[in-house]
Amino acid sequence: MWNNSLQTFAVSIVIAAGVSLSACNAPTQETPSEAVSDSTAEQAKPEQANPTPETDLDGATVEQGTPVKYDVSSWGDKQVQPVSVQEVDQIKSTFGKVVTTDENSLDYASNPAVKYRFMDTDAPYLDLIDSEKYLELGWYFANPTDSDKEKELSKAHAKKSYQLARQLMNDDGGKVISDMLRGQIIKNKTIGGQKIELGKCEFYSCMLVLNKSGEQPAKDS
């Protein structure tokens, strides 16, 4: 018969063996780091991209509109009555009836000026800006996506500016406007007896700025 010490030792071995077998058969549990890794991998799965509402699914592009064509050759080349850059009243009559007058305006170089507007405020503008140093012709330059009415008004403004430029610079003035409408920029040039500070048509705006101090007297024919 075992003594108490041997009996106690044998019982301890049996219990330890049972615990070991139980641990081997128990289901494996994820560690916290493994759980986080699995969750991250699940979130990283790419989702099916949704088409942007503004995107045209068939690849079509938005209509760009019809470019504005200026038939300058039909605007006439008859002899016109010359005017000086100083004769503002006669110049205004070429543009038509003044709708509004702003005596607190600014010229090209931010000097005090008077702005004469020949169109209502909600219509494509046609302006004449007069200051001590500059005379500026300005009108709305139509975009291809504008309405037909806006395009027609823009062409009418360009035609009036063409006629006035011919009065100020003879036929050379007509060429200046024609060049501007084709995208050319004119800077610091004396043409037809007038010093052009700037002439350009871009970003919905045409402007022809004449430096009054650079006007040359007309030559006798």
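Modeller: Two rings of Phe, Tyr or Trp (for Trp, its six-membered ring) form a pair if their centres lie within 6.5 Å; planes under 30 degrees apart count as stacked, over 60 as edge-to-face and the rest as tilted. The model is predicted, so local features need pLDDT of at least 70 and side-chain atom pairs count only at pLDDT 80 or more, while totals for chains, interfaces and linings use all residues. Residues are numbered from 1 along each chain as its sequence is written, and side-chain values use heavy atoms, with hydrogens and water left out.

By the ring definition, the structure holds 5 aromatic pairs. One of them joins Trp-75 and Tyr-162 in an edge-to-face arrangement, with 5.3 Å from centre to centre and 70° between the planes. Trp-75 belongs to the loop between α2 (32-43) and α3 (88-95), whereas Tyr-162 is part of helix α4 (residues 148-169), so the pair ties together parts that are 87 residues apart in sequence. Helices (H or I, at least four residues) and strands (E, at least two) are DSSP runs, numbered from the N terminus. A residue is called buried at under 20% relative accessible area, exposed at over 50% and partly exposed in between (1.4 Å probe, protein chains only). Trp-75 counts as buried because its relative accessibility is 12%, and Tyr-162 counts as buried because its value is 10%.

Among the pairs there is also that of Phe-95 and Phe-118, which is edge-to-face because the ring centres are 5.4 Å apart and the planes stand at 90°. Here the link runs from helix α3, where Phe-95 lies, to the loop between β2 and β3, which holds Phe-118, so parts 23 residues apart in sequence are tied together. Phe-95 is buried, with a relative accessible area of 1%, and Phe-118 is buried at 6%.

Another ring, that of Tyr-116, carries the charged end of Lys-92 over it, 4.3 Å from the ring centre. This description requires NZ of Lys or CZ of Arg within 6 Å of the ring centre and within 35 degrees of the ring normal.

Tyr-162 leads on to the surroundings of α4. The axes of α4 and helix α5 (residues 171-181) come within 6 Å and cross at roughly 145°. Such axes are lines fitted to C-alpha atoms, for helices over the stretch in contact, and angles between N-to-C directions run from 0 to 180 degrees. Tyr-162 is among the α4 residues that make the contact, together with Ala-158, Ser-161, Ala-165, Arg-166 and Met-169; the α5 side includes Asp-171, Gly-174, Ile-177 and Leu-181. Contact means heavy atoms within 4.5 Å.

In α5, 8 of the 11 residues are buried, so this helix is largely enclosed by the rest of the structure. Ile-177 and Leu-181 are among the buried residues of α5. Their cover includes α4 as well as β4 (134-140), β5 (186-191), β6 (194-202) and β7 (205-211). After α5 comes Gly-183, with a positive phi near 100°.

Two strands pair if DSSP finds at least two bridges between them.

β2 (residues 112-117) pairs with β1 (residues 100-106) in the antiparallel sense over 5 bridges, and the β2 residue Lys-115 is the bridge partner of Asp-102. In this hairpin, with 5 residues between the strands, Ser-110 takes a positive phi near 65°. β2 also runs antiparallel to β3 (residues 126-131), joined by 5 bridges, with Ala-113 opposite Ser-131.
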